[in-house]
Amino acid sequence: MIRATSFKGKSVAVFGLGASGLAAAEALRDGGAIVAAWDDGVAAREAAIARDIPLTDLSVADWAGYAALVLAPGVPLTHPLPHWTVKRARENAVEIIGDIEIFARERALHAPGAPFIAITGTNGKSTTTALITHILRHAGLDAQMGGNIGRPILTLDAPEPRRFHVIEMSSFQIDLTPTLAPTIGVMLNVTADHLDRHGTIDDYAAIKERIVAGADIAAVGIDDDFGLAMLRRRVPAGPAIAFSAEKSLAPGYSLLDNTIVCANREGLAVKLGSLDGIPTLRGRHNGQNALAAVAAVRECLNALGHSTDLDWQGALSSFPGLSHRMEEIGRIGKVLFVNDSKATNADSTEKALLSFPRDVYWILGGKPKAGGIESLVPYLERITKAYLIGEAADEFAATLQGKVPFVRSGTLDEAVWAASHEAQLSDGAEPVVLLSPACASYDQFRNFEVRGESFRGLVASLPGIVMRAAP
């Protein structure tokens, strides 16, 4: 665990005692801060007590003495309304930060040159973060991964000159990290998301942009207008590198014939690795993720004076992928089963559908999001049949009516059984049973991980299945 010595002797309020909040409270306590932790939930407070974290009811506390409020990223900072703790902090001129800001201050205080790669984007940031970590570890380097993926950042080992921290950041986390200054800031893409928490897509994009604005080197995906504008603003301010899965760049990183290519200003190019035949990096969206990962690692190593002569192909080919994101979990004969439970919106599901050109037996539904699946209509020719589950069934049926065969399965177990049976009757070369819900899971499952594990369990019980080991 990282000890938060930058707040030694100061009183710090901590609100929101989930995994990252508990870790922040422990890091502050162990670093010598006077901690006042609170959560509206009784279970969360009991978990804090079990870990010897001091509790203070912040609703009746004197806020004048607090040096900072460490806020959990899930707590509203601005929209739809600021949380009551945010109002109290602002009334008393108390700065509001998150756990990644504590890390940033510890790094600046104790190891300012320690390599720190921060990744954001509406889609693909988890895969990119995991792939960057995998490439570094494949090269024998100490790579710590956390933030919005895996472990809370303050539970990782402390920054050191030869230790790489690879940190996924949501817009909520960026908003709580005012001194964010990574070695490499990676910006993948921007599409409409979390507008209930940020108001407008422009505000959302502006928060995302901070990850590259404060970086020593910015790595920016330019396959959408927001990214291109960010790159243009960044170039006059400091070092930047662009990557694109759609066009050839010089200088920059491009995906040409499914091969990652880096070119300089004169157009001199070097091939770094092919994505052909790598099931965990299937699809154009994963091409962008792989470009970002290779660019981030290569530019970081170069900036630190390390050799960039890595086994790039070996690292890419051995990437195990992420659980619940385009995860190939098993086969019955020629039928492939894919767990894409992490696709909680239509934009994510679009990436999955683009990865399979035909003969898809699509399981979708759950708690619907604004816009439904209207944006997926152009890809329905790839679908042999759809199996609708959860609250979204009627809404999605209306969209699919007359365009593709579908059935209201209701539950995941019914959908898996029916899709498996009908896919095995196909005369196609590789029928795909795809769970890509385009919905939140909360109507039938606690989260997308539980939904994905349920799918895995149901598939594992099918006669004749040959399962693939989980990542």
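**Entry 1: contact of α14 with α15**

L412, D413 and V416 in α14 meet R451, S454, F455, L458 and V459 in α15, contact being heavy atoms within 4.5 Å. I sorted the residues of this contact into five nonpolar, one polar and two charged. Here Ala, Val, Leu, Ile, Met, Phe, Trp, Tyr, Cys and Pro count as nonpolar, Asp, Glu, Lys and Arg as charged, and the others, Gly among them, as polar.

I then noted the geometry: α14 (residues 412-424) and α15 (residues 448-460) pack at about 45°, with axes 10 Å apart. That makes α14 oblique to α15; angles under 35 degrees count as roughly parallel, over 145 as roughly antiparallel, 65 to 115 as roughly perpendicular and the rest as oblique. Axes are lines fitted to C-alpha atoms, for helices over the stretch in contact, and angles run from 0 to 180 degrees between N-to-C directions. Helices (H or I, at least four residues) and strands (E, at least two) are DSSP runs, numbered from the N terminus.

**Entry 2: basis of the model**

I record that residues are numbered from 1 along each chain as its sequence is written, and that side-chain values use heavy atoms, with hydrogens and water left out. The model is predicted: local features need pLDDT of at least 70 and side-chain atom pairs count only at pLDDT 80 or more, whereas totals for chains, interfaces and linings use all residues.

**Entry 3: nonpolar cores**

The largest nonpolar core has 47 residues, and L28, I102 and L154 have the most contacts inside it. Such a core is a set of buried Ala, Val, Leu, Ile, Met, Phe, Trp, Tyr and Cys residues joined through side-chain atoms within 4.5 Å. Helix α1 (residues 19-30) gives the most to this core, with six residues. Leaving out residues up to four places away in sequence, I list A4, F7, V12, V14, A33, V35, V70 and I102 as touching L28. Another core, of 42 residues, lies apart and includes I135, V166, A290 and A315.

**Entry 4: backbone exceptions**

Most residues other than glycine have a negative phi, and most peptide bonds are trans. I found a cis bond from H79 to P80, with omega near -5°; P80 is in the loop between β3 (68-71) and α3 (84-91). A438 has a positive phi of about 55° and counts as buried at 2% relative accessibility, whereas D52, with phi near 60°, is exposed at 62%. Buried means under 20% relative accessible area, exposed over 50%, partly exposed in between (1.4 Å probe, protein chains only).
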